[in-house]
Amino acid sequence: EKDMGTDLAKVLISKDEIDAKLAELAAQIDRDYAGKELLIVGVLKGAVMVMADLARTLHSDLTMDWMAVSSYGMGTKSSGVVRILKDLDTDISGRDVLIVEDIIDSGLTLSWLLSNLQSRNPASLEVCTLLRKPDAAKVSIDVKYVGFDIPNEFVVGYGLDYAEKFRNLPFVGTLAPHVYGG
Ligand code: PRP
Ligand code: MN
Ligand code: MG
């Protein structure tokens, strides 16, 4: 396992715990989409690890597409201003679409994304997120597949960044306060 160095305070969710949870979620998704052609949409950049590992665990007949949106910029707080940096390549009208996210924090990104994608008339639209912070929610969103509910702390790793760093950690951890000036 990678060295936590001095920038991380602790490991919150280990690689083994992530793998086990993704296997559980994949089994549920496989059952729910049996006989359907699932389109999973990863939200760049945070969702790359979840997408890659979830897709390899799923047995469903699926295709993958990506959207890039950003609401955080370089800070640790959601601005609520969502920008599309890259749109889907796929026409999702009539498709069974599952959005894959690394984390739902304030919920502002996903809330915006859901209404944006819903307006394109998919046959169905659901969300799978590895992490969710119930205490940080600014909007309530109906999320069908949730990995872990976590405390309202700034977390990094497994796709999640602080100023674009730490995404490549194989686990989810919390940052030491000195990293972000705490
Ligand atoms: C992060 C994270 C989610 C979103 C959640 O993305 O990956 O997409 O913020 O925050 P919210 O629920 O408060 O809206 P970010 O905007 O940092 O872009 P990134 O995925 O490229 O890191
Ligand atoms: Mn993101
Ligand atoms: Mg980010």
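**Helices, strands and core of a predicted model**

Reader: Which exposed residues does the face of α3 turned away from its buried side carry?

Author: That face carries S115 and Q118. Helices (H or I, at least four residues) and strands (E, at least two) are DSSP runs numbered from the N terminus. Residues are numbered from 1 along each chain as its sequence is written, with chains lettered from A and ligands numbered from 1 in written order. This is a predicted model, in which local features need pLDDT of at least 70 and side-chain atom pairs count only at pLDDT 80 or more, while totals for chains, interfaces and linings use all residues.

Reader: And which residues of α3 are buried?

Author: They are T109, L110 and L113. Seen down the axis of α3, these fall within an arc of 85 degrees, so they line one face of the helix; the arc is that of the directions from the helix axis to the C-beta atoms.

Reader: What covers them?

Author: The cover of the buried residues of α3 includes β2, β3, β5 and β6. Contact requires C-beta atoms, placed from the backbone, within 7 Å.

Reader: Turning to β2, how many of its residues are buried?

Author: Six of the seven residues in β2 (residues 38–44) are buried. Strand β2 runs parallel to β3 (residues 62–70), and seven bridges join the two; strands count as paired if DSSP finds at least two bridges between them. V43 stands opposite M67 in β3.

Reader: Through which helix does the chain cross from β2 to β3?

Author: The chain passes through α2 (residues 48–57), and this β-α-β crossover is right-handed. That is, with the strands pointing away from the viewer, the path from the first strand over the helix to the second runs clockwise.

Reader: Which strand pairs with β2 over five bridges?

Author: That is β5 (residues 96–104), also in the parallel sense. Within that pairing, G42 has V100 of β5 as its bridge partner.

Reader: Which residues of the largest nonpolar core touch the most other members?

Author: Of its 40 residues, these are I29, L54, L98, I99 and V100. Such a core is a set of buried Ala, Val, Leu, Ile, Met, Phe, Trp, Tyr and Cys residues joined through C-beta atoms within 7 Å. The largest share, six residues, comes from β5.

Reader: What is L98 touching?

Author: Leaving aside residues up to four places away in sequence, L98 touches I29, L38, I40, V41, E126 and C128.

Reader: Now the backbone: where is the cis peptide bond?

Author: The bond from L44 to K45 is cis, with omega near -5 degrees, and K45 sits in the loop between β2 and α2.

Reader: Is E164, with its positive phi, buried or exposed?

Author: E164 is exposed because it has 8 other C-beta atoms within 10 Å. Its phi is about 75 degrees although it is not a glycine. F166 likewise has a positive phi of about 75 degrees, but F166 is buried, with 21 other C-beta atoms within 10 Å.

Reader: What is the mean pLDDT of the protein chain?

Author: The mean is 92, and 92% of the residues reach 70 or more; pLDDT is the predictor's confidence in each residue, from 0 to 100.

Conventions:
A residue is buried if 20 or more other C-beta atoms lie within 10 Å of its own, exposed if 12 or fewer, and partly exposed in between; C-beta atoms are placed from the backbone. Two residues are in contact if their C-beta atoms, placed from the backbone, lie within 7 Å.
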